[in-house]
Amino acid sequence: MKRRIPFLIFATLTALALPAVKAIAQVTSDVPAGNPISVINLATSAGTQLIKGQWRYQDARIVQVGFNSPGADRKASGSPNQTYDITPRAGVANFDDSTWKTIAPETLDQRRCTGKLCFNWYRLNLTIPQKVGNFDPTGSDVVFEIVVDDYAEVWVNGQLPLVLGQTGGSLIKGYNAPNRVLIARNVKPGQQFQLAVFGANGPLSNPPGNFIWVRSATLDFYKPSVIGKIQESTGGKIDRLDPALDAIVPQNAKIEKLASGFQFTEGPVWVRDGGYLLFSDPNANTIYRWSSDGQVSIFRTKSGYTGVDIGEYKQPGSNGLTLDQEGRLTINEHGNRRVTRLEKNGVLTVLADRYEGKRLNSPNDLVYRSDRALFFTDPPFGLPNVFDDSRKELPYSGVYCLNNGNLKLLTRELSGPNGIAFSPNEKYLYVGNWDEKYKVVMRYEVKPDCSLSNGRVFYDMTKASGEDAIDGIKVDRQGNLYVSGPGGLWILSPQGKHLGTIIGPEHPHNLAWGDADGKTLYLAAQTSLYRIRLNIPGIRP
């Protein structure tokens, strides 16, 4: 069972679908925290001359264009229709703005466009200078900040990064709010960039009787690593019980705190296509996104339940998350009592919600086998009254396999099946049991048809001190197990020997391998998110 964390007031998250609301976490929506070393005011001639830049301006227009209605695939593949577009499309790289009007930096605050519902473009080419006053910008991190009355989107070198749930940055952030965009890290003098700012008069649903203008525009220089700076944890330790642990956990390994202020973190998964971490907060009914620049945003609200009785649930939201072979997010939804998959076009597909006509309990954790078979655990911990809940339809807690559309019950011998993972060769399936009277990790042999055999207790933690039982489980490429157990993260050898325990400032309930090399272990630990660098890469989707 997941330990319930008392409600932590860290933000008032409104009940909205995407676009998302920003989480008030350790790193706020502004990038970065702290003061810059130097600032170039791009609303002055001296500033634009320093970066060898020149502002150019053009109104944008709404034009009618031919398109297609949505088809059966929910894409624009249906019957022809008429819709609207913006011209010019001036955000693309190497756009020719030579015929545009050149405007003096001091006139950026001049009211422009046609008023009411209107749009415009500001473009600026810039070169990183050799010196900014007495400051040498070599190696610094550079942020472009602009405040447009009323809204703006910022393109850098022809790119407008789009991330589900993203707020601010390159996208519209809010009414007269600053857009702060990381231009580049570790810059060098002479490096060139193209900026294109799309302005909009707003609110769009109630066009005001005014115009578009720029309140401020700056280029901010920061010391390296200030942007998204990670706080090294002052707590935690590593208990080294066997010399073999040194090959896994470096002697100088540090636990780093990435973000905090959540109710209960769970189910992390690293998304390699984009380089960010997704994780659940089942108590807050939310999936969050953490990126390497330190930003935390809401990826998906109402991640597990929207029922009228949601107030009865302690953990209505999503729990375990993983990716299939096509990179699609697969979600265990507690309140909805089902396993779903988020398609690339945003459509949610239900993969499993019933077994033999009866509703599942509350799917908890999950893992894909290389042949696309999905294995997941189904204890009742997401139900308001757990085992005694009147909503419960299955008299047991099962481990299941969904293979080619068929859902198969593999075992019902554990009272609280929870964490689940495969050995590197997929010969064995490990399942942890959340039961304070029987804290065990089971190991089963797995057949091609998903059936299990020769189940045995791989490791018994029942007598270990600590109120927590077995939660998340992950495996590295050499077959070592990382188990959320009593008191911390237990590291077990493939032979079932306890090599050591990572004891963080907060108890990690689930974990995921991330970063380019797969050697960073991200820890979802109660109210916070942590990470630690290890020597051996892990098995990940």
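Predicted model: local features only at pLDDT ≥ 70, side-chain atom pairs only at ≥ 80, totals over all residues.
If you number the bonded cysteines in sequence order, they pair 1-2, 3-4. How many disulfides does a search of the whole structure find? The search finds 2.

**Stop 1: the disulfides**

Select Cys-113 and Cys-118, which are joined by a disulfide with an S to S distance of 2.1 Å. Both of these cysteines are buried.

Now select Cys-401 and Cys-450, where a disulfide has its sulfurs 2.2 Å apart. Cys-401 sits in strand β26 (residues 398–403), while Cys-450 is in the loop between β30 (440–446) and β31 (452–460), so this bond ties together parts that are 49 residues apart in sequence. Are these two cysteines buried or exposed? Cys-401 has a relative accessibility of 1%, so it counts as buried, and Cys-450 is buried too, with a relative accessible area of 1%.

**Stop 2: the nonpolar cores**

Next, select Leu-42, Trp-55, Tyr-122, Phe-144, Ile-183 and Leu-219. These belong to the largest nonpolar core, which has 34 residues, and they touch the most other members. Which strands each supply at least two residues of this core? They are β2 (55–68), β5 (119–127), β6 (141–149), β7 (151–156), β8 (178–184), β9 (192–200) and β10 (213–222). As a general point, nonpolar side chains in soluble globular proteins tend to be buried together.

Stay on Leu-42 and display its neighbours. Leaving aside residues up to four places away in sequence, Leu-42 touches several residues, among them Ile-51, Trp-55, Pro-105, Leu-124, Phe-144 and Leu-219. When you are ready to move on, look for a second, separate core of 19 residues, which includes Ile-491, Leu-523, Tyr-530 and Leu-534.

**Stop 3: two cis peptide bonds**

Zoom in on Thr-87 and Pro-88, which are joined by a cis peptide bond with omega at about 0°. Pro-88 is found in the loop between β3 (80–87) and β4 (101–103).

Then go to Gly-202 and Pro-203, where the peptide bond is also cis and omega is near 10°. Here Pro-203 belongs to the loop between β9 and β10.

**Stop 4: two residues with positive phi**

Select Asn-186, in the loop between β8 and β9. Its phi is near 50°, a positive value in a residue other than glycine. Asn-186 has a relative accessible area of 52%, so it counts as exposed. With residues up to four places away in sequence set aside, Asn-186 touches Gly-139, Ser-140, Asp-141 and Gln-191.

Gln-526 is not a glycine either, and its phi is positive, at about 55°. Is Gln-526 buried or exposed? Its relative accessibility is 8%, so Gln-526 counts as buried.

**Stop 5: a sheet of 4 strands**

Finish with an open sheet whose 4 strands run in the order β18-β19-β20-β21, with antiparallel pairing. At the edges stand β18 (318–323) and β21 (348–352); each has a single partner strand, so one side of each is left without a neighbour in the sheet. From one strand to the next, the twist averages 30°.

Note on methods: Residues numbered from 1 in each chain as written. Heavy atoms only, no water. Core = buried A, V, L, I, M, F, W, Y, C linked by side-chain atoms within 4.5 Å. Buried < 20%, exposed > 50% of the residue type's maximum accessible area, 1.4 Å probe, protein only. Contact = heavy atoms within 4.5 Å. Pairing = 2+ DSSP bridges. Axes fitted to C-alpha atoms, helices over the stretch in contact; angles between N-to-C directions. Disulfide = S-S within 2.5 Å.
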